[in-house]
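Hello,

Here is the structure I promised to hand over. Please open it first, then read my notes on the chain contacts below.

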Amino acid sequence: MTTPTLVPYPEAVERYDPTIGLETHVELGTRTKLFCGCPAVFGGEPNTQTCPTCLGLPGSLPVPSRTAIEYAIKIGLALNCSIAEWCRFARKNYFYPDMPKDFQISQYDEPLCTDGWLDVTVEDENGAEHQVRVGIERVHMEEDTGKSLHVGGATGRIHGADYSLVDYNRAGIPLVEIVTKPITGTGALAPLVARAYVTELRDVLRSLGVSDVRMEEGSLRCDVNTSIAPRGSAVLGTRTETKNVNSLRSVERAVRSEIEREAGVLDAGGTVALETRHFHEDTGITTSGRIKEESEDYRYFPEPDLVPLAPPREWVEQIRRTLPELPSARRARLQAEWGLSDKDLAALRNAEAIDLVADTVTAGASPADARKWWLGELSRRAHETSTELSALAITPAQVARVAALVGSGALNDKLARQVLDGVLAGEGDPDEVVKTRNLAVVSDDGALLTAVDEAIAANPEVAAKIRDGKIAAAGVLVGAVMKATRGKADAARVRELILERLG
Amino acid sequence: MSITRDEVAHLARLSRLALSDEELDHLAPQLNQIISAVARVQEVAAEGIPPTSHALPLTNVYREDEPRPCLPADLVLSQAPAVEQQRFKVPRILAED
Amino acid sequence: MSTDLTRLTAAELSDELKAKNVSAAEVTQAHLDRIARADGDVHAFLHVAADQALAAAADIDRRRAAGEQLGPLAGVPVALKDVLTTVDMPTTAGSKILDGWQPPYDATITRRLREAGAIILGKTNMDEFAMGSSTENSAFGPSHNPWDLDRVPGGSSGGSAAAVAAFEAPLAVGTDTGGSIRQPASVCGITGVKPTYGGNSRYGLIAFASSLDTPGPLARTVLDAALLQEAISGHDPMDATSIPEAAPPVVAAARQADVAGLRIGVVTELSGEGYQPGVLARFQQAVELLESLGAKVTEVSCPHFVYALSAYYLIAPSECSSNLARFDAMRYGLRVGDDGTHSAEEVMALTREAGFGAEVKRRIMLGTYALSSGYYDAYYGKAQQVRTLIARDFEAAFGQADVLVSPTTPTTAFKIGERADDPMAMYLADLATIPSNLAGNAALSVPCGLAPEDNLPVGLQIMAPVLADDRAYRVAAAAEAAFTERWGHPLLADATGPNSLSAKETSR
């Protein structure tokens, strides 16, 4: 196989217009599977969460979960879709060992939700913001398959495996598939738009409480479709579907890489093959999946074991009333409440700190303080330890407490940082750490005066300057006192005392 | 309306049936005959007639999101042709390139 | 008790058991003995569960002796078509691909029978995956018609029908997708009922055509069929297509047994050309009999019925091609070719090639064809539209008549081997039964005489509207009573022809 020529990205988007599409599968967080009462929990021993129905045993039948349908409708409403008045499940027929029935119960030409949209914002290289309305083609329900371990191959992948081992615990877990309409006209911003869409979608789904949407765990799975066409062409190019896109960053990289590759193919006079490709995290490029001789004919037909769904409008409206404030509305509200510029908001968003800051504000901190600590000191720690901000061993309430202690003068910034150290190290709440580590600001004049006098005595030249009116020199003495008190002195009070002492 | 032997061979592949040549020789004309006969449905004028997928007009049959007992793994695997690591052992799935 | 217990009806056995004139153990043993004597010739059973049956019988006797109130079927033997799952007996669906499969769960029907105290004698033979009209498609050899052992007992519930006709069991459960209860009942001279679709749970019924499959009772009398039906019917939350409403009162209807004032519609399209003359003659006499009992007879036309066979042989294979995909050698059943040189896909194909019979393969491929992209609209899609038209024909017809009648099947029992490799000829057996499967309404077959040319049983088909099963039982019971009076005995008493089971037994 020849190494593909990649056209450098800026050049590729100079001559070609990309079109992207995203298909996202969401594992719903219901208690049971879609068509049976087996628990939908993660991580059980293999084949311990199965029954005749999700194993597809001869004679078994599916019965759909009302809660799963409710969650799917909720997702559709949050994405501004129309909810079908009447629709059916359909069988998607194909043979594969992880499919207990060798067909998947899904939806075909009658999806539950259609024709919605989701607004996303991206920033170009000049810092200008662009809003893109991503059209949602459909939201439909389907069941998940079992999971295979491939044994014998080099990497545990299917390639070169001698045999496979199948666990059906996951078979039958409810999935919702969300398909965008083709996203055109984004030009060079296409990879960012793709990433922004998945990010926003993830945040919307999380706010609905219908899934824990963790890409790393597979409860949010993304396939990216990419095509390019010569600039100005009215006809869309052939699209490829890229799988194994397991993080937000990979979404962006996969789109970028595909654009570069397809440009290379077209530049060389070739045609882009309609195919499925596999994204590689390590190299950042895609490789071809198996090119099928016959494109799959799934022979869809309405599922005869299930009766049609006709969600009553009152039920749909009742679900609509349970929709929470969606992330975009929430961001706008918080931005106004906190008086943030768009840039400030973007910074919070990029750091994935909005919820943390909001919770810290709820716990009593000012927005400015909350932002300062999360985007400053705590972001630094997170970066140092390669942890996510939300995974740090400190809660918003604890951060609010630290901010409050600083605000009241009980701590200064330097001491506060040491308190953070203690909380992050698991030594307890801020007040406990202050006590244990003896970090309180010393404001007692008696103690301070002792230290001040010592500092004056140790620095007679500086003291002389201050007496002469060089107030700024006080800083040196303040520094000395801080050093002597190991930073615990109330710096402002120390300064006052020094000036008092020296006239 | 007729179906060729090659088309029948294609159907067999789609259906995962490893038919022998003799079987194909035997079944193809029979299928052809049946398909010609059932094509009769196309004579029926059905403009605007909705298709029936269910005999009874039931809708909205659900169950509640309540866990029910699962089958024990050993029972589940007891009828399996091959088992390893408490999983169903299956022959190599056609490798992707 | 010196009576031959196997000659009693289920209702009579029920009374005797209740009165403690006989024990469940005795009844069960009598039937097991009968099976041992007769089934070598009839081959109705694929599996006889003697130990389980006797243990269940002993349990019933113990509970009755302790004063417990038991239902009408407690201690009454029943045979189950081997398409219903049973945890303590293998379930093969008549196929090599499931030979030896032990289900880990009971079908709802199985469970309800056990809860009713019925004694499950074993699993009966059937056409493979319920596809056929003769039981010749069974992977384990055909069953034989007790009327003439060289003839088929019909299908696909041929084993169940033969068991009942051979007095091996008073009751049997079968399934009817295109006529597979009614046609065997007709050619074996017994009663068989296809309830309204959804009337009996399909949970645990190995699926052939999901939107058509209907479990139902086979018995020697209409009342017996009703008793069995009431024991197993009713809504099942495990089956999303099961009827939510209360089951029709079929036992009461069977006892009511009258037709005075009812309008009987003779369906024009379901008799005439293609029907054996003797079958038509007996049918005609049956209609006249009903008229003499006070029914008003009219003729009704259901013009789209002529397309029913074609629509059925598109819809059923389409659904079955999908339902049978799961038999892929990965989780249970036969596995062929797993020698390290074949991929999973190849093992699937080799297994299905070895494990499925010719008729199953034909229907799978036919279904795959009809659902294919490019063909769907012209075949499957069109067939579903025809289905609507047939349902509308029924609606219109039921506006003119309370029940509709026809011969159950165009011929009497044909010889084993006669149609075995002629699919189209075999399919014609379902001409009159298929419309009710497509529309989902209730239909049954009750014996109405012997065809003069061959002295083999003819069945009268009675069709009632959706959910009006009781109406069919009512008319059937009336006909049965009148016929029995006319003949002087139940039809089965005439199963003594030269090649019959009875003749063979007498000569031993």
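Chain C and chain B bury about 5100 Å² between them, and 67% of that lies on carbon and sulfur atoms. Please keep in mind that this is a predicted model. Tyr307(C), Met365(C) and Met424(C) supply 12% of the area that chain C buries against chain B, more than any other three residues. The contact draws 66 residues from chain C and 54 residues from chain B.

Now the polar side of this interface. Chain C and chain B share two salt bridges. One of them joins the side chains of Lys361(C) and Glu23(B), at 2.6 Å from N to O. There are also 22 residue pairs in polar contact.

Which elements of chain C give two or more residues to the side that touches chain B? They are helix 10 (308-323), helix 11 (344-355), helix 12 (358-371), helix 13 (377-400) and helix 14 (423-427). Helix 13 of chain C gives the most, with 11 residues. By type, this side of chain C has 37 nonpolar, 17 polar and 12 charged residues.

Next, chain A against chain C. They bury about 2600 Å² between them, 61% of it on carbon and sulfur atoms. Chain A puts in 31 residues and chain C 38 residues. Two salt bridges cross this interface. In one of them, Asp305(A) pairs with Arg202(C), with the closest N and O atoms 2.9 Å apart. Polar contacts link 15 residue pairs here. On chain A, strand 3 (90-93) and strand 14 (301-302) each give two or more residues to the side that touches chain C. That side of chain A divides into 20 nonpolar, five polar and six charged residues.

Best wishes

Notes:
Residues are numbered from 1 along each chain as its sequence is written. Chains are lettered from A and ligands numbered from 1 in the order in which they are written. This is a predicted model: local features need pLDDT of at least 70, side-chain atom pairs count only at pLDDT 80 or more; totals for chains, interfaces and linings use all residues. Side-chain values use heavy atoms; hydrogens and water are left out. Contact means heavy atoms within 4.5 Å. Buried area is the accessible area (1.4 Å probe) that two parts lose on being put together, summed over both. A salt bridge is a side-chain nitrogen of Lys or Arg within 4 Å of a carboxyl oxygen of Asp or Glu. A polar contact is a pair of N or O atoms within 3.5 Å; within protein, one must be able to donate a hydrogen and the other to accept it, and residues adjacent in sequence count only if both atoms are side-chain atoms. Helices (H or I, at least four residues) and strands (E, at least two) are DSSP runs, numbered from the N terminus. Ala, Val, Leu, Ile, Met, Phe, Trp, Tyr, Cys and Pro count as nonpolar, Asp, Glu, Lys and Arg as charged, and the others, Gly among them, as polar.
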